[in-house]
Amino acid sequence: MAFITSLIAVVMAFFIFFVRMKASEKPTNAKKIILPPLFMSTGALMFIDPVFRVTRGELIEAVILGLFFSLFLIKTSKFEIRGNDIYLKRSKSFIWILLGLIVIRLGLKTYLGRTIDYRQLSGMFYLLAFSMIVPWRIAMYVSYRKLAAQLRPPILT
């Protein structure tokens with residue numbers, strides 16, 4: 001089971017990388033930035049089942065680690081104006097950060113899997129991922145809004 005879930009994580013990482021590369025070829029908008037965390041939030045329904053619930057300490061650890069990892073994603077996510085549109089800049093370091101996060105995730109999963117039930121571990125990794133994606137997307141949105149304000153002509157009254 002651990003091998004299958006690890007393989008799925010690696011496949012998802014490569015999927016994210018290719019989606020990100022494709023995204024840099026098309027203009028972005030606020031919806032494309034805001035919707036992924038909203039869609040991901042439905043995963044919190046796993047916590048309805050008590051076997052996925054984590055302790056307060058595990059929750060704090062997962063959230064702090066997620067916030068820390070989000071800093072790397074924020075640093076590699078920049079926008080640029082091309083013509084009258086805003087595009088996500090390609091970052092050469094994004095793939096390395098993504099691969100590093102996968103390696104860290106697999107290491108943590110192997111280490112923590114010895115002492116924490118895999119269902120609780122699933123809850124922890126969901127919290128870690130959500131805590132990483134939300135600040136990243138908020139930072140992207142703020143950056144996007146700043147550039148979007150530059151595109152709009154000032155309103156004269």
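This is a predicted model: local features need pLDDT of at least 70, side-chain atom pairs count only at pLDDT 80 or more; totals for chains, interfaces and linings use all residues.
## A buried tryptophan

At 8% relative accessibility, Trp136 counts as buried (under 20% relative accessible area, with over 50% being exposed and the range in between partly exposed, using a 1.4 Å probe and protein chains only). Trp136 belongs to helix 5; helices here are DSSP runs of H or I with at least four residues, numbered from the N terminus.

Residues are numbered from 1 along each chain as its sequence is written, and side-chain values use heavy atoms, leaving out hydrogens and water.

## Helix 4 against helix 5

Helix 4 (residues 92-112) and helix 5 (residues 118-151) have axes that come within 11 Å and cross at roughly 155°. Axes are lines fitted to C-alpha atoms over the stretch in contact, and angles run from 0 to 180 degrees between N-to-C directions. The two helices are therefore roughly antiparallel, the term for angles over 145 degrees.

Trp136 takes part in this contact (heavy atoms within 4.5 Å), alongside Leu121, Met124, Phe125 and Met132 of helix 5. From helix 4 come Phe94, Leu101, Arg105, Leu108, Lys109 and Leu112. By class, the contact has nine nonpolar, no polar and two charged residues.

## Helix 2 against helix 5

Helix 2 (residues 30-40) also packs with helix 5, at an angle of about 165° and with the axes 9 Å apart. That makes helix 2 roughly antiparallel to helix 5.

On the helix 2 side, the residues in contact include Ile33, Ile34, Pro36 and Pro37. Among their partners in helix 5 are Phe130, Ile133, Tyr141 and Tyr144. This contact holds 14 nonpolar, no polar and two charged residues.

## Two salt bridges

Side chains of opposite charge can pair when their charged atoms come close. The structure holds two salt bridges, each a side-chain nitrogen of Lys or Arg within 4 Å of a carboxyl oxygen of Asp or Glu. Arg82 pairs with Glu80, their closest N and O atoms being 2.9 Å apart. Arg82 is partly exposed at 35% relative accessibility, and Glu80 is partly exposed at 25%.

The other salt bridge joins Asp117 and Arg119, with 3.0 Å between the closest N and O atoms. Asp117 is partly exposed, with a relative accessible area of 29%, and Arg119 is partly exposed at 30%.

Notes
Angles under 35 degrees count as roughly parallel, over 145 as roughly antiparallel, 65 to 115 as roughly perpendicular and the rest as oblique. Ala, Val, Leu, Ile, Met, Phe, Trp, Tyr, Cys and Pro count as nonpolar, Asp, Glu, Lys and Arg as charged, and the others, Gly among them, as polar.
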